[in-house]
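Morning, everyone. I have one structure to walk you through today. Please have a look at it first.

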Amino acid sequence: MKHSFWENEQWFKDINFAIIGSGIVGINCALRLREKHPKAKIVIFEKGYIPSGASSKNAGFACFGSPSEILNDFNTMSEDDVFDLIQKRIKGLEKLKKTCGVETIDYQEYGSYEVFSKSDQNLFEKCLESLPKLNQFLHPIFKEDCYILKNEKIKDFGFNQIESMIFNKFEGQIDTGKMIKKLIQLCFEKDVQIINGIEIEKFTDHQAFCEIHTKENTVIKVDHLFIANNGFAKTILPEYDISPARAQVLISKPIENLKLKGTFHMDEGYYYFRNIGDRILLGGGRNLDFENETTTKLEVTNIIQEKLNEILYQKIAPYILGDNIDYSWAGIMGVGKIKKPIVQKVSNNVYCGVRMGGMGVALGSNTGVELADLLSK
């Protein structure tokens, strides 16, 4: 594809900093670069007509980890690394709220619950036994107990087959659409260009500059390249420990007298649900079909959607009748053997900030800043 003279002059020529991905990480990287380089030409390349990864498709959980998730992390990471990761998530959420404004993103701190059915009894007993340890572990951050048993709320929420709940008052929820819209608005205010509909397939790093190659066989010369497309980064960085992980979600129609409010985690975080006003959002099920969910295809599948329906009608909201599903969608996360993000220099002029591990809302803002700051190291 050949660009016109005007297009080349305004959008594709003399780019100081190019960023792949217009999600939370990419935009925060751009804003940080603008802060440090007021006169630089900064361009974000986004393959979709809107952000195409998890940033505009996530469930809007402002969370840092349920008891079972943290206990599971201890199996693959040291306690110091787990603590550091949780701190990064909490600081990242504060950064996001400060950048966008809590009212703008409709941040609500209703708290979160990890719920356990009868079949999860062994997992519940393990979590319950570990609560003193977990609360002590997180006491330096919160200065009080983070997790408490809250079984008395089960009836209030109208659940069925749910026997136990552990509550965390420090987690909340956001409006994902309002968040990403605000971040894009900040780019325009700071003269950061976002070019949609261009997919970067590879790069060639030279000593003095970098060339990025688009799917349309266009080659664009830039001074520095920042890779921030998370779950889609495997194509560009095949040697890195990062894989795409599809997350499927459904949302209900408005439900009269909806009983639940807050964010909820089930089955070590493989299922999650929340209220959005008077609707229920429910997602997860990747553990039903790991092989086929390791993909960048933005499609939903029968096996997972049927399971989500089953959980919705049998456990979460058995009091609703008829077909109450409004629509469903899928987003792509970036995962690896451990959940710690990869933020590092790739080559002479190329840097990456990827692998949010399903916690992009919490980790994305500060990861973007760290990515931009690699330039000065």
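Predicted model: local features only at pLDDT ≥ 70, side-chain atom pairs only at ≥ 80, totals over all residues.

Start with helix α4, residues 79-100, and helix α5, residues 121-142. They pack at an angle of about 50 degrees, and their axes are 11 Å apart. That makes α4 oblique to α5. The crossing is right-handed. Who makes the contact? On α4, E79, V82, F83, I86, Q87 and I90. On α5, K133, F137, L138, P140, I141 and F142. By type, that contact has nine nonpolar residues, one polar and two charged.

Now the salt bridges. How many does the structure hold? There are 14. Take R32 and D373, which meet at 2.8 Å, N to O. R32 sits in helix α2 and D373 in helix α10, so this pair ties together parts 341 residues apart in sequence. Buried or exposed, what is D373? Buried, because its relative accessible area is 16%, and the cut-off is under 20%. R32, at 22%, counts as partly exposed.

D373 also meets K36, at 3.2 Å, N to O. That pair, too, links α2 with α10, so parts 337 residues apart are tied together. Shared partners join R32, E35, K36 and D373 into one network.

Last, N309. Its place is in helix α9, residues 302-316. At 24% relative accessibility, N309 is partly exposed. Beyond its neighbours within four places in sequence, N309 contacts L250 and I325. D323 is 14 residues away along the chain, with 9.7 Å between the C-alpha atoms of N309 and D323.

Notes
Residues numbered from 1 in each chain as written. Heavy atoms only, no water. Axes fitted to C-alpha atoms, helices over the stretch in contact; angles between N-to-C directions. Helix = DSSP H or I, 4+ residues; strand = E, 2+ residues; numbered from the N terminus. Parallel < 35°, antiparallel > 145°, perpendicular 65-115°, else oblique. Left-handed = near helix turned anticlockwise from the far one by under 90°. Contact = heavy atoms within 4.5 Å. Nonpolar A, V, L, I, M, F, W, Y, C, P; charged D, E, K, R; others polar. Buried < 20%, exposed > 50% of the residue type's maximum accessible area, 1.4 Å probe, protein only. Salt bridge = Lys/Arg side-chain N within 4 Å of Asp/Glu carboxyl O.
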